[in-house]
Amino acid sequence: MRKHLPALLLAAALLVLWQIIAGIIDAAYILPSPTQICVRLWELREPLFLVHLPATMSVTGLGLLISIVLGVLLAVAMDWNPHIERALYPVIVASQTIPTTAIAPLFILWFGYSIWSKVLVTILITFFPIAITVFDGFKATKREMEELLLTYGASKREVFFKLKLPTALPNFFSAIKMAIPMSVIGAAIAEWLGAQEGLGYFSKRMMTQLDGAGVFAPVVLLSVAAMIAVGIVTVLEYKCIHWRKEI
Amino acid sequence: MLRFENVSFRYAEDDFSMMEHLNFQVEDGEFATIIGASGCGKSTIFRLINGLEKLQQGRILVDERPVQELKNYSAFMPQKDLLFPWRTIEKNICLPMELAKTPKAEQEAKCKEVLEQVGLLAYAKKYPKDLSGGMKQRVAFARTLLSGADLLLLDEPFSALDYLTRVDMQEWLLHQWEHYHKTILFITHDVEEAVFLSKTIFIIQDRPFSKMERVEVPLPYPRNREDLKRPEIVELKEQLIEKLRRSVSL
Ligand SMILES: Nc1ncnc2c1ncn2[C@@H]1O[C@H](COP(=O)(O)OP(=O)(O)O)[C@@H](O)[C@H]1O
Ligand SMILES: [Mg+2]
């Protein structure tokens, strides 16, 4: 707790500053104050928590799950066969420069307002970073360790399961922690573009009503959800990688 | 036991040979050491024995059979302990047996026995991060032992340790060698270490090299540090250092 004190103090100070500035501007449709947002969050609790949060979370969860499975599979394939690596790795790195959110409307066009258009945006945003990070984890395998296993007569498969997989585990967790906020952003943007439910959609609807606090409330909810998810993964990581010296 | 016959080798990246028509032999149960300046090809000899580099010319025989036909004939211990940080000490030691599909019960029994012998039974469930450098090398040695091979290839196993720990480990290693009756081929660039440990010393002086000068250390086992002060041993050390210095300046 001690360690986090400065950060907590800074956050509190910023909130107070925000509250004061919002009070001076005194126009909730431009800049709602933190307290106004909290009040609105409470007033809107039923639609937010019962309808829109679950909708967004299912898009995020589904997209993230598919991304992790596909990303890890792709990383394994690239690690397995250098030809696949040489063909795919540069393409993946280059594809990172494409503004995925800009082509998101296309998916709405193709898949309509169904959950899949949003899931696809989420996958597209998170899939490649996961694949690259996990792949880099495999590549971080120490060559001497691999050779030692070979002198014990290990097969390629055994080298993978006994050495590469554990080596890449820290990267795997980093990838997930990085992908969680990205997937939330992806889902919210996709909902903003076209949906009938979800926090992104809700935020947009409040916007059209010039309800500033109402725009912020779902955003706050999204942030908190992402933070909790990252927190859970961090705990899992700590449990799985307790052998690490640095922790 | 181990014999090189006319072995020549060159790394694909290099435009000169590492060794040419090399012949040498190590007897059963012997403690033999290879010394030479760093980069002269000592580790390459090990890589050829354990098959990490493909033999280009000549033959390497263990018990009169080419190594290509054999399995599990040598056990390699590198300079760095290379313990897997996510495995407990016990699991690290079992690794070669795990890969050899040794039954679980046998693995546990052997692991317990060897941990007791190297004096680390209390650390069975700990992780490598909990051990000192010397302890980690003992664990790595135990792991090497349990690969079951009779020929141990130790590549500068103590060179990363501080002086006092290294001296301890040398005595410890001789003790283990006398206990297990294995054949040890040891690499070092430390002349004193070579003299203290080995019965036979091979010296690499040329580049490329086609022979290694063979020197017998005139000391019986068991040995102790005091023996190093004998005049003939001091003399031997001086000679060896002189030879190595001459080879470096080549
Ligand atoms: N895998 C490799 N490919 C190409 N050259 C190598 C390789 N390994 C070692 N060498 C070269 O061969 C030389 C001898 O290496 P090595 O046998 O490791 O020497 P030593 O163990 O005596 O220090 C070094 O100069 C090194 O640059
Ligand atoms: Mg070497």
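## Basis of the model

Because the model is predicted, local features need pLDDT of at least 70 and side-chain atom pairs count only at pLDDT 80 or more, whereas totals for chains, interfaces and linings use all residues. Residues are numbered from 1 along each chain as its sequence is written, chains are lettered from A and ligands numbered from 1 in the order in which they are written, and side-chain values use heavy atoms, with hydrogens and water left out.

## Chain A

Chain A contains ten helices and zero strands, where helices (H or I, at least four residues) and strands (E, at least two) are DSSP runs numbered from the N terminus. Read from the N terminus on, its elements run α-α-α-α-α-α-α-α-α-α, and the C-alpha trace of chain A spans about 75 × 50 × 30 Å along its principal axes.

The size of an interface is often given as the accessible area lost when the parts come together. Here chain A and chain B bury about 2000 Å² between them, with 69% of it on carbon and sulfur atoms; buried area is the accessible area (1.4 Å probe) that two parts lose on being put together, summed over both. In chain A, the residues that lose the most area to chain B are A:Y152, A:K162 and A:W243, which together make up 34% of what that side buries. Counted by contact (heavy atoms within 4.5 Å), 19 residues come from chain A and 22 residues from chain B.

Four salt bridges are counted between chain A and chain B, a salt bridge being a side-chain nitrogen of Lys or Arg within 4 Å of a carboxyl oxygen of Asp or Glu. A:K162 forms a salt bridge with B:E98, and the closest N and O atoms of this pair are 2.7 Å apart. On the side of chain A that touches chain B, α7 (143–151) and α8 (156–193) each supply at least two residues, and α7(A) gives the most, with eight residues. By class, that side has nine nonpolar, three polar and seven charged residues, where Ala, Val, Leu, Ile, Met, Phe, Trp, Tyr, Cys and Pro count as nonpolar, Asp, Glu, Lys and Arg as charged, and the others, Gly among them, as polar.

## Around ligand 1

Taken alone, ligand 1 exposes 560 Å², of which the protein buries 68%; accessible areas come from the Shrake-Rupley method with a 1.4 Å probe.

## Backbone details in chain B

The peptide bond from B:R207 to B:P208 is cis, with omega near -5°, and B:P208 lies in the loop between β9 (200–203) and β10 (213–216) of chain B. The bond from B:Y221 to B:P222 is also cis, with omega near -10°, and B:P222 is found in the loop between β10 and α7 (231–248) of chain B.
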